[in-house]
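This briefing sets out selected features of the structure displayed below.

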Amino acid sequence: MAAAVIPRGNVSGLEHKEFEKLAVPLMDGLYNFACWMCGDPDEARDLVQETLLKSLRAFGSFRQGTNFRAWMFRILRNTFLTSRTGLERRNTQQEDEENFAEAAVSTETPEIALIRRADTELVQAAIAQLAPPWQEVVLLAEVEEMKYKEIAEALDVPIGTVMSRLARARQQIKVYIMTALSEKKVVGIKR
Amino acid sequence: MNCEQRGNTALYVDGELEPAAQQAFAGHLENCAECSAAVLEQQELKKAVRVAGKKFSAPPELYAAAHRNLAPRRSRAWWKLAMAPLAVLLLALITYLAIPRRSVDAMISGVVNQHLTTMASTTPVDIVNSSHHVVKPWFIGRLPFTFNMPELAGTDYQLIGGKQVFVDQRPGAQLLYQAGRHKVSIFIFQSADTGLGTRSPRWNHDLTFTVGSWTAGGRECYLVTDGNQNEADKLATMFQEANRS
């Protein structure tokens, strides 16, 4: 993705300062989310810059009192989805959440012990194998610690969809970790 | 799956129940082994995903580009064009000076970001306790090193708690303190240089936050706060004393 040159619109100096005050603390989270979506640090950097410029241009129309963080993540995601990588990813994803019924979750303590044994590398592999709709919802919920309502705003989906995707994402991560540790296929196991 | 309240575990773990329902479900957990186990499992999974999912940190050049791009445009100034060659020279000089300190700068940028994230979080720490006798043992098994924490009796500081963090792909401890009206984060990492001796706190005055760094007992430590340096220096010295080998 080439770095975008976007006109900044009629944003006053005061609004510039206000925007910067609100946006800069979100940079790390935006970049982390962008890296997971793009899979490429350079592309993620361009995506964050483009998002900042787009949101600055639209800051005049941003309604005070609404959720700025959800608004920024929504712009980032929409920008990504309209990029070449985003379009390719969207075309290859298979969303079968309607057919998803939450699988019975065992409450056996050995599973808790297994999750504790999973190291960061293994959990990252588990997140990486998720399809985009589930990956983005789990990242916003766990890493950005967003509430369901905030995630729904950022992804532009109903809260019910957020809940079902989150349940499915967690189940898939858990199954991935269990399978990897029981088969000992993955090297990243704590000693 | 027998308990009819089993469906509430995810809502409880995510803090999505109404306060009264949250409290009622907490009471239910005391008597329901099935839901307790499910909650514990989901909490462990959340923690693991939170740590693993925070894989990338925005590089300093992205912050620089953002500041540059977000700065308000001023009226056209011809003299800026005339200053261009000087700016190139200045940039080259800054780049030259910055190269040897890159890893330190990345760490400082990382800990400041981490402090900001903590301040904005609804759950700033993973272990909430004012006693270092409780907080310090919590890190055992979570970090590949140990550290000492100073005794706070008779001081103006109060321990809030701590959590495990990853900065520049290095595992470390973040300890959060209350100092008057300000919050102070202390970050502790294993020093990459094993032969590193003790170094007194060095303060960075180029940032909005008060940021200090020092080494003691093979540990690399950082302090970040929006309070003043005098307050911060006292706590930094106490930490240095506690970890002097």
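This is a predicted model: local features need pLDDT of at least 70, side-chain atom pairs count only at pLDDT 80 or more; totals for chains, interfaces and linings use all residues.

Which residue in β3(B) is the bridge partner of B:Val165? The partner is B:Gly172.

**Strand pairing in chain B**

- Strand β2 of chain B, residues 157–167, pairs with strand β3 of chain B, residues 170–179, in the antiparallel sense. The pairing of β2(B) with β3(B) extends over 10 bridges.

**Overall make-up of chain A**

- Chain A contains 10 helices and 0 strands.
- Of the 191 residues in chain A, 39% are buried.
- Among contacts in chain A with a separation of 6 or more, 75% are between residues 24 or more positions apart.

**Helix α9 of chain A and its surroundings**

- α9(A) is mostly covered, with 6 of its 8 residues buried. The buried residues are A:Tyr148, A:Ile151, A:Ala152, A:Glu153, A:Ala154 and A:Leu155.
- The buried residues of α9(A) pack against α4, α8 and α10 of chain A.
- Just after α9(A), A:Asp156 adopts a positive phi of about 60°.

**Packing of α4(A) on α9(A)**

- Two packed helices are described by the angle between their axes and the distance between the axes.
- For helix α4 (residues 68–81) and helix α9 (residues 148–155) of chain A, the axes come within 7 Å and cross at roughly 35°. The crossing of α4(A) past α9(A) is right-handed.
- On the α4(A) side, the contact is made by A:Arg69, A:Ala70, A:Phe73, A:Arg74 and A:Arg77. On the α9(A) side, A:Glu150, A:Glu153, A:Ala154 and A:Leu155 take part.
- By class, the residues of the contact between α4(A) and α9(A) comprise 4 nonpolar, no polar and 5 charged.

**Nonpolar cores**

- The largest nonpolar core has 60 residues, of which A:Ala34, A:Val137, A:Val138 and A:Ile151 touch the most other members. α2(A) gives the most to this core, with 9 residues.
- Leaving aside residues up to four places away in sequence, A:Ile151 touches A:Val137, A:Leu140, A:Ala141, A:Met146 and A:Val162.
- Another core, of 30 residues, lies apart from the largest one. Its members include B:Val112, B:Val211, B:Ala232 and B:Ala236.

**Contact between chains A and B**

- In the contact between the chains, 42 residues of chain A meet 38 residues of chain B.
- At least two residues of the side of chain A that touches chain B come from each of α1, α2, α3, α6, α7, α8 and α10 of chain A. α3(A) gives the most to this side, with 6 residues.
- The residues on the side of chain A that touches chain B divide into 24 nonpolar, 8 polar and 10 charged.

Methods:
Residues are numbered from 1 along each chain as its sequence is written. Chains are lettered from A and ligands numbered from 1 in the order in which they are written. Two residues are in contact if their C-beta atoms, placed from the backbone, lie within 7 Å. Helices (H or I, at least four residues) and strands (E, at least two) are DSSP runs, numbered from the N terminus. Ala, Val, Leu, Ile, Met, Phe, Trp, Tyr, Cys and Pro count as nonpolar, Asp, Glu, Lys and Arg as charged, and the others, Gly among them, as polar. Axes are lines fitted to C-alpha atoms, for helices over the stretch in contact, and angles run from 0 to 180 degrees between N-to-C directions. A crossing is left-handed if the near helix is turned anticlockwise from the far one by less than a right angle, and right-handed if clockwise. Two strands pair if DSSP finds at least two bridges between them. A nonpolar core is a set of buried Ala, Val, Leu, Ile, Met, Phe, Trp, Tyr and Cys residues joined through C-beta atoms within 7 Å. A residue is buried if 20 or more other C-beta atoms lie within 10 Å of its own, exposed if 12 or fewer, and partly exposed in between; C-beta atoms are placed from the backbone.
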